[in-house]
Amino acid sequence: MNKSTAQRLWDAMSSMYLALAMLFLLMVEVLLCTFAQKYMGTIEAVNKFMRAWIVWWSPEGSSFMFPVFPGGALIGSVLGTNLVVATIRRLNFSTRLAALWIVHTGLVLLFVGEFLTGMFQEDRRMAIEEGQSSSFVESTRDYELAVVDVKADAVDDVHLA
């Protein structure tokens, strides 16, 4: 019997070999990111390796960029898709398997949560000294110039550039 393309894709996406390959690639990705932090800093290395779809490399002094490794976002997306497809395909709905469904659902939520956090997070801090108050947050990575006009006593006019 000849399998259709959709059936072969369904089989491939639910394969345990695909899951193991993605886990191996993820381990290599974590090692690369960890080693790169020495030269790039934590935030830049995480953005280049873990939050990117593809890791790019550019030769010294060149504007050309070459894809060299799948990024963490691509690996995580394939691994998450594999988890969902394999769960739907292999686990039947029964109370006997409720614990497995809960564990797999938790893993999917972890993948989705990390993906959304990486896309939409903003890193800010609010420094409040003891006995003081504060009404603003600041970013340690973004710069801004604020010019404050203090003509009136009650209200400050702030002009951001």
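Because the model is predicted, local features need pLDDT of at least 70 and side-chain atom pairs count only at pLDDT 80 or more, whereas totals for chains, interfaces and linings use all residues.

**Helix 1 and helix 4**

Select residues 5–13, which form helix 1, together with residues 72–90, which form helix 4; helices here are DSSP runs of H or I with at least four residues, numbered from the N terminus. The two pack at an angle of about 105°, and their axes are 8 Å apart, where an axis is a line fitted to C-alpha atoms over the stretch in contact and the angle, from 0 to 180 degrees, is taken between N-to-C directions. Helix 1 and helix 4 are therefore roughly perpendicular to each other, a term for angles of 65 to 115 degrees.

Now show the side chains where these helices meet: Gln7, Trp10, Asp11 and Met13 in helix 1 are in contact with Val78, Thr81, Asn82, Val85, Ile88 and Arg89 in helix 4, contact meaning heavy atoms within 4.5 Å. By class, the residues of this contact are five nonpolar, three polar and two charged; Ala, Val, Leu, Ile, Met, Phe, Trp, Tyr, Cys and Pro count as nonpolar, Asp, Glu, Lys and Arg as charged, and the others, Gly among them, as polar.

Not counting residues up to four places away in sequence, aspartate 11 touches Lys3 and Arg89.

Move on to serine 14, in the loop between helix 1 and helix 2, which counts as buried at 1% relative accessibility. Which residues does serine 14 touch, not counting those up to four places away in sequence? They are Asn82, Val85, Ala86, Arg89 and Arg90. Serine 14 and asparagine 82 are 68 residues apart in sequence, yet 5.2 Å apart in space from C-alpha to C-alpha.

Next select alanine 45 in helix 3, residues 42–50, which is buried with a relative accessible area of 0%. With the same exclusion of residues up to four places away in sequence, alanine 45 touches Cys33, Ala36, Gln37, Met40 and Met50.

For the largest pocket, centre the view on Gly72, Gly76, Phe111, Glu114 and Phe115, which of its 18 lining residues lie nearest its centre. A pocket, on a 1 Å grid over the protein atoms alone, is an open set of points where a 1.4 Å probe fits, with protein on both sides within 12 Å along at least five of seven lines, and lining residues have an atom within 4 Å of a point. About 470 Å³ of space lies in the largest pocket, a volume being the space filled by probe spheres set on the points. Its lining has ten nonpolar, six polar and two charged residues.

Finish at the second largest pocket, of about 290 Å³, where Ala19, Asn82, Leu83, Ala86 and His104 lie nearest the centre among 15 lining residues. Helix 4 gives the most to this lining, with six residues.

Terms used
Residues numbered from 1 in each chain as written. Heavy atoms only, no water. Parallel < 35°, antiparallel > 145°, perpendicular 65-115°, else oblique. Buried < 20%, exposed > 50% of the residue type's maximum accessible area, 1.4 Å probe, protein only.
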